Amino acid sequence: MSFQRVPLATMGVENLIVDDFRQLEFNDPSTGAVLRYNLFVPKNYHASKSYPLVLFMHDAGATSDVTRTTLFQGLGAVAWASPQDQEERPCFVLAPQYAEIIADDDSKTSSMLDTTIDLVKALADEYSIDKNRLYATGQSGGCMMSIAMNIKYPDFFAASFLVAGQWDPALVKPLAKKRLWILVSQDDDKAYPGQNAITKVLEKQGAKVARGTEPGQQTNSAARSTRSTQRALSSTTSPSVRAPSFPKVSRRPAPAVIGTPGA
């Protein structure tokens with residue numbers, strides 16, 4: 001029996017979940033800046049219902065003027081838009097695409113901080129988005145931008161999921177009244193000591209702290225962490241304080257350390 005080789009041609013490419021995001025552009029009337037962004041609108045969106053919004057901000061490595069770059073870098077944005085999570089917790093997902101470095105190691109941000117806040121406000125006016133259920137998250141530079149936003153606008157977000165970032169501890173006292181969930185690898189030589197320094201300040205300000213570690217050997221731990229965070233943030237309704245910190249643990253390959261907000 002002989003087989004004939006038939007050339008195959010790619011007729012199209014589908015990017016699951018990524019293709020469900022809309023690519024849009026915001027012209028900020030307050031700052032005059034232009035910001036490209038990706039927006040996921042719940043599949044069965046209806047204006048008669050009220051929806052939460054999750055804002056994800058990428059790190060410096062995804063800085064680009066190509067709008068969808070942040071969606072391909074990792075799961076920071078798309079994790080919230082998966083069919084399973086949307087079935088349980090429908091929400092808007094906003095993923096801005098920054099063409100500049102938005103936050104640096106000197107605890108300074110670009111003007112995109114205010115432009116992003118203005119974008120969230122505009123979307124909340126355009127859609128049926130619950131302004132009491134706005135959530136911020138980001139990794140590295142996006143984490144630092146989340147911290148800076150919570151400092152400048154302490155009443156804007158209901159809770160924040162901070163991944164692998166740091167900030168000047170002298171500036172973070174306003175975070176003591178915020179709901180925070182912090183995730184960082186012990187091997188991160190900037191973010192791990194940086195987050196410990198931050199949470200020490202918050203504890204001195206009266207924040208209640210919950211601590212936990214998760215071994216990095218478990219390859220699906222990140223997915224579990226994200227899902228448990230989604231459950232925690234989606235149920236956040238009160239302003240009670242839970243600012244996580246981290247204990248020093250024995251060195252392991254890429255461990256994850258999680259602070260857990262209370263109910």
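Which residue in S4 is the bridge partner of Phe40? Val93 is. Keep in mind that what you're looking at is a predicted model, with a mean pLDDT of 85 for the chain and 81% of its residues at 70 or more. One stretch calls for some caution: across residues 230-263 the pLDDT is below 50, although the model gives that stretch 117 contacts beyond near neighbours in sequence.

**Strand S4 and its neighbours**

Back to Val93, which also has Val54 standing opposite. Strand S4 has pairings with S2 and with S3. With S2 the pairing is antiparallel and runs over five bridges, while S3 runs parallel to S4 and is joined to it by three bridges.

How many of the six residues of S4 are buried? Six of the six are, so the strand is largely enclosed by the rest of the structure. Phe92, Leu94 and Pro96 point one way from S4, with Val93, Ala95 and Gln97 pointing the other way.

**The nonpolar cores**

Leu94 turns up again in the largest nonpolar core, a set of 45 residues in which Leu53, Leu94 and Leu123 have the most contacts. H3 gives the most, with seven residues. As a general matter, nonpolar side chains in soluble globular proteins tend to be buried together.

Zoom in on Leu94 and, leaving out residues up to four places away in sequence, you'll find that it touches Leu53 and Leu123 themselves, with Tyr37, Leu39, Phe56 and Leu119 also among its contacts. There is a second, separate core too, made of 20 residues and including Val18, Ala77, Trp80 and Phe161.

**Helix H5**

H5 covers residues 191-204, and its geometry checks out: at 1.5 Å a residue its 14 residues should span 20 Å, and the end C-alpha atoms are 20 Å apart, which agrees. Quite a few of its residues are buried, including Ala191, Tyr192, Gln195, Ile198 and Leu202. Just past the helix, Gly206 takes a positive phi of about 100°.

**Salt bridges**

Side chains of opposite charge can pair when their charged atoms come close. The model has eight salt bridges in total, and here are three of them.

| Pair | Closest N and O atoms |
|---|---|
| Asp19 and Arg68 | 2.8 Å |
| Arg89 and Asp85 | 2.5 Å |
| Arg89 and Glu88 | 3.0 Å |

Where do Asp19 and Arg68 sit in the chain? Asp19 is in the segment before strand S1 (22-27) and Arg68 is in the loop between strand S3 (51-57) and helix H1 (69-73), so this pair links distant parts of the chain, 49 residues apart. Asp19 is partly exposed, at 36% relative accessibility, and Arg68 is also partly exposed, at 23%.

The other two pairs share Arg89. Is Asp85 buried or exposed? Asp85 is buried, at 3% relative accessibility. Arg89 counts as buried as well, with a relative accessible area of 16%, whereas Glu88 is partly exposed at 49%. Through shared partners, the salt bridges join Asp85, Glu88 and Arg89 into one network.

Technical notes: Residues numbered from 1 in each chain as written. Predicted model: local features only at pLDDT ≥ 70, side-chain atom pairs only at ≥ 80, totals over all residues. Heavy atoms only, no water. Salt bridge = Lys/Arg side-chain N within 4 Å of Asp/Glu carboxyl O. Helix = DSSP H or I, 4+ residues; strand = E, 2+ residues; numbered from the N terminus. Buried < 20%, exposed > 50% of the residue type's maximum accessible area, 1.4 Å probe, protein only. pLDDT = per-residue confidence, 0-100. Contact = heavy atoms within 4.5 Å. Expected span 1.5 Å × (residues − 1). Core = buried A, V, L, I, M, F, W, Y, C linked by side-chain atoms within 4.5 Å. Pairing = 2+ DSSP bridges.
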